[in-house]
Amino acid sequence: MTTTDIPARTPAARRSPIPPKKRPKREREGAAWVFLSPWVLGAIVLTLLPMAVSLYLSFTDYDLFNPPNWVGLRNYVQMFTEDPRYWRSVVTTVTYVVIAVPLQLALALGVALALKGMKRGRAFYRSAFDAPSLLGASMSIALVWRAVFNDGGTVDNLLGTGGWVNKPGWALLAVALLTVWQFGAPMVIFLAGLQQIPAELYEAAAADGAGKWRQFLSVTVPMLSPVLFFNLVLQTIQAFQVFTPAFAMSVWRLLSNSLLIAGGAVLGNVISCSLAAYAFARLRFRMRGPLFAFMIATIMLPHHAVLIPQYIIFNQLGMVNTYWPLILLKFLATEAFFVFLIVQFMRGLPRELEEAARIDGCGPFHSFCRVILPLTRPALITTAIFTFIWTWNDFFTQLIYLFDPDKFTLTLALRQFVDASSTSAFGPKLAMSVIALLPIVLFFLAFQRFLVEGMASSGLKGRGERDART
């Protein structure tokens, strides 16, 4: 038998299809910083700089109109030793958090467990239970809640306890009940976590004679502990930052103003957060770990801590009483929660897809646009839903930057229905509340089926952490 000699491939020929290692690494690192540039700009200009300015101003006497005057520790000494309102506010806030957060999480977990075992109608009940968390933070619901608990309101008529609004202790309970009623967001996260627990664990526990309660303590709680901790931290932070429920023209102009701000915020968040998330999740570059840790830490940063420096920046730029401060922030990836959400989703995508695209000649930008971005649609839609609803319901930020009635949104206009004597035009107020809530309800109903899919694939499977280390 004869054989045909095949010329041996030279080392140079074998290495020629493989590009040099250092160049792709430099290219990927450069691409990573390009993707991160909106977030880096926002982190420096709108987070780090305002934090430093806030720290400096805390040692001064400053009123926005005159130059700051250095007073050292006088502000802190007065706050801790001479101002009884400070300690009263601390006790009130801690009491509110201790009451509201555990009750909210317990209710959310109980409903999530019930929905997990439901075979029919789960999507309907999931939407019904999630709706209050999306509507409850709005000025519309806050004013209606105020009317329910006010003198002569529904609670007064049923219980005969009088109005709760003007009684400090009862008013705190009313606000806490509103927070508990908004259990939908942690419920969705709990439901997504429960769906990732392998059924084999419950079968093995049942085979060992464990009942439902024992399975809950021995299987559900340990496996769900990361989600429990995440929900506890997130809801506690939000509880400490609660403002709208406690504060409590043309309709078409108000509606168009609200739509303009919410639409711009959605576009900005989806673009900037997905760019930053791709760099953190799929690209390797120096300082990735410390930068990601800093980004996560900004979730715990109270918005009020950087509000005054940000206001000064936008005032110097001539943007106060315009929509730019409300929209521009979103294009700089300042919403760390959404960056984290998309990062965890992207980490769960197979890396073989990018490797195949790279073999076909795609660089990081083409891989992001043609491979990763289409597969990340559930997380992007989840980001769009929450951004739209949270921006639509935002009251405090709009109150700070907008003072021209022609630029008011529906949220700001609703506040005009309550005068200084605490009397209200309930008919017009409720009509305006319905108009303000209708776009939120329609937007939620149109896209709610993507919520659990986006949450369920966003860091709850555990494999994302392995991908981050490889």
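This is a predicted model: local features need pLDDT of at least 70, side-chain atom pairs count only at pLDDT 80 or more; totals for chains, interfaces and linings use all residues.
Student: Why is Lys 330 called buried?
Tutor: Buried means under 20% relative accessible area, exposed means over 50%, and partly exposed is in between (1.4 Å probe, protein chains only). Lys 330 has 13% relative accessibility, so Lys 330 counts as buried.

Student: What makes Glu 335 buried or partly exposed?
Tutor: Its relative accessibility is 22%, so Glu 335 counts as partly exposed.

Student: How do you know that Lys 330 and Glu 335 form a salt bridge?
Tutor: A salt bridge needs a side-chain nitrogen of Lys or Arg within 4 Å of a carboxyl oxygen of Asp or Glu. For Lys 330 and Glu 335 the N to O distance is 2.6 Å, so the pair meets that definition.

Student: Which other pairs count as salt bridges?
Tutor: Glu 354 and Arg 282 meet at 2.8 Å, N to O, and Asp 404 and Lys 407 at 3.6 Å. The count by this rule is 3. Both Glu 354 and Arg 282 are buried, whereas Asp 404 is partly exposed at 24% and Lys 407 is partly exposed at 26%.

Student: How does the span of helix 20 compare with the expected one?
Tutor: The expected span is 1.5 Å times one less than the number of residues. Helix 20 reaches 24 Å from its first C-alpha to its last, close to the 24 Å expected.

Student: What makes a set of residues a nonpolar core?
Tutor: The members are buried Ala, Val, Leu, Ile, Met, Phe, Trp, Tyr and Cys residues, joined through side-chain atoms within 4.5 Å. The largest such core has 38 residues, and Phe 35, Trp 39, Phe 280, Val 339 and Met 346 touch the most other members. Elements giving two or more residues to this core include helix 2 (22-57) and helix 20 (377-393). Apart from it lies another core, of 29 residues, including Leu 254 and Ile 385.

Terms used. Residues are numbered from 1 along each chain as its sequence is written. Side-chain values use heavy atoms; hydrogens and water are left out. Helices (H or I, at least four residues) and strands (E, at least two) are DSSP runs, numbered from the N terminus.
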